[in-house]
Amino acid sequence: MPSSHASTADSKPAGPSGGVQSLERAFDLLERMADAGGEVGLSELSASSGLPLPTIHRLMRTLVGCGYVRQQPSRRYALGPRLIRLGESASRLLGTWARPCLARLVEETGETANMALLDGDEVVYVAQVPSKHSMRMFTEVGRRVLPHSTGVGKALLAYASPDEVRALLARTGMPAATEKTITTAEGFLEALEQVRSAGYAVDDNEQEIGVRCLAVPVPDSPTSAAISISGPAGRVTEAATERIVPILQQAAKELSEALANSGGATPLR
């Protein structure tokens, strides 16, 4: 029967990767759903993945049964609630792997070091190592902020398309945290162009008056990630920026390499 043939094909190893084809396809569909905003129709998945509709329907039925996808009343498919637990656990582990890197950043820069991810339309802080200074910045791990007012937000969105950035800003709005917060889409897109040109992002009193933050994206991270240092504006000066940015960029490179080793299973030394 054709369906039996398709099922057998889905279960066999998928070439050089050594993986199981049905698993690879299922995870690919989940990632495509995430890229599309979390909700798609079968025809959209077929067009983007190149898979035939019967194959997609079979995979989605399995994912629905496991709770990783749910079918909406509109017959479209959305990411399911069981993914939340996986995502939260993975975020905590990512923060654990990053802590040695952040600790070295504190030693070398003297300022508080952070790691943040883009979760939907928000920035979430997943790890922090505080400065040893009595006057220091503190951001609670798990805290969520909007991207437009933070250095990590700029670093995370620097290489997104302008249309994606505008759509995100339209969903979140651009409330002013301080009088220096960027509150227009065009102004934020200009700031992202500066990030791409300079290789780092700056939050100059935009989230909190008296605080400056320098941030860089983590290249080739399995999920969009950035690391940063933050401190009083009187310490994180323009002169300090010239010294700190290369340290940040090297730390991001080392973290990227560590995450790539064994799928990120090897902690940084």
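**A walk through the model**

Let's start with one residue. Asn205 is buried, with a relative accessible area of 12%. Buried means under 20% relative accessible area, exposed means over 50%, and partly exposed is in between, with a 1.4 Å probe and protein chains only. Asn205 is in the loop between β7 and β8. Its phi is positive, near 65°, and Asn205 is not a glycine. Most residues other than glycine have a negative phi.

A word on what you are looking at. This is a predicted model, where local features need pLDDT of at least 70 and side-chain atom pairs count only at pLDDT 80 or more, while totals for chains, interfaces and linings use all residues. Residues are numbered from 1 along each chain as its sequence is written, and side-chain values use heavy atoms, with hydrogens and water left out.

Now Arg75. It also has a positive phi, about 80°, and is not a glycine. Find Arg75 in the loop between β2 and β3. Is Arg75 buried or exposed? It is exposed, at a relative accessible area of 59%.

**The whole protein**

Step back. The protein has nine helices and nine strands. Helices (H or I, at least four residues) and strands (E, at least two) are DSSP runs, numbered from the N terminus. Of the 269 residues, 42% count as buried. The accessible surface comes to about 14,000 Å². Carbon and sulfur atoms hold 55% of that surface. Such areas come from the Shrake-Rupley method with a 1.4 Å probe; for residues, only the protein chains shown count as cover.

Next, contacts, meaning heavy atoms within 4.5 Å. Take the contacts with a separation of 6 or more: residues 24 or more positions apart account for 54% of them.

**The sheets**

What is the strand order in the six-stranded sheet? It is β6-β5-β4-β9-β8-β7, an open sheet with antiparallel pairing. Two strands pair if DSSP finds at least two bridges between them. The edge strands are β6 (144-145) and β7 (201-204), and each pairs on one side only.

Go to β9, residues 225-232. Eight of its eight residues are buried, so β9 is largely enclosed by the rest of the structure. One partner is β4 (residues 112-119), which runs antiparallel to β9 and is joined to it by six bridges. Leu117 stands opposite Ala225 there. Another partner is β8 (residues 211-217), also antiparallel, over seven bridges. In that pair, Cys213 faces Ser230.

Val124 has Arg144 as its bridge partner.

There is also an open sheet of three strands, in the order β1-β3-β2, with antiparallel pairing. Here β1 and β2 (69-71) are at the edges with a single partner strand each, so one side of each has no neighbour in the sheet. Three bridges link β2 and β3 in the antiparallel sense. Val69 stands opposite Leu79 in that pairing.

First up is α3, residues 42-49. Which of its residues are buried? Leu42, Leu45, Ser46 and Ser49 are. The buried residues of α3 pack against α2, β1 (39-40), α4 (53-66) and β3 (77-79). On the face turned away, Ser43 and Ala47 are exposed. Gly50 follows α3, with a positive phi near 80°.

Then α8, residues 185-198. Look for Ala191 in it. Ala191 counts as buried, at 8% relative accessibility. Leaving out residues up to four places away in sequence, Ala191 touches Lys154 and Ile182. Its C-alpha atom is 10.0 Å from that of Ala155, which is 36 residues apart along the chain.

Last, α2, residues 21-35, where Leu23 sits. Leu23 counts as partly exposed, at 47% relative accessibility.

That's the tour. Questions, please.
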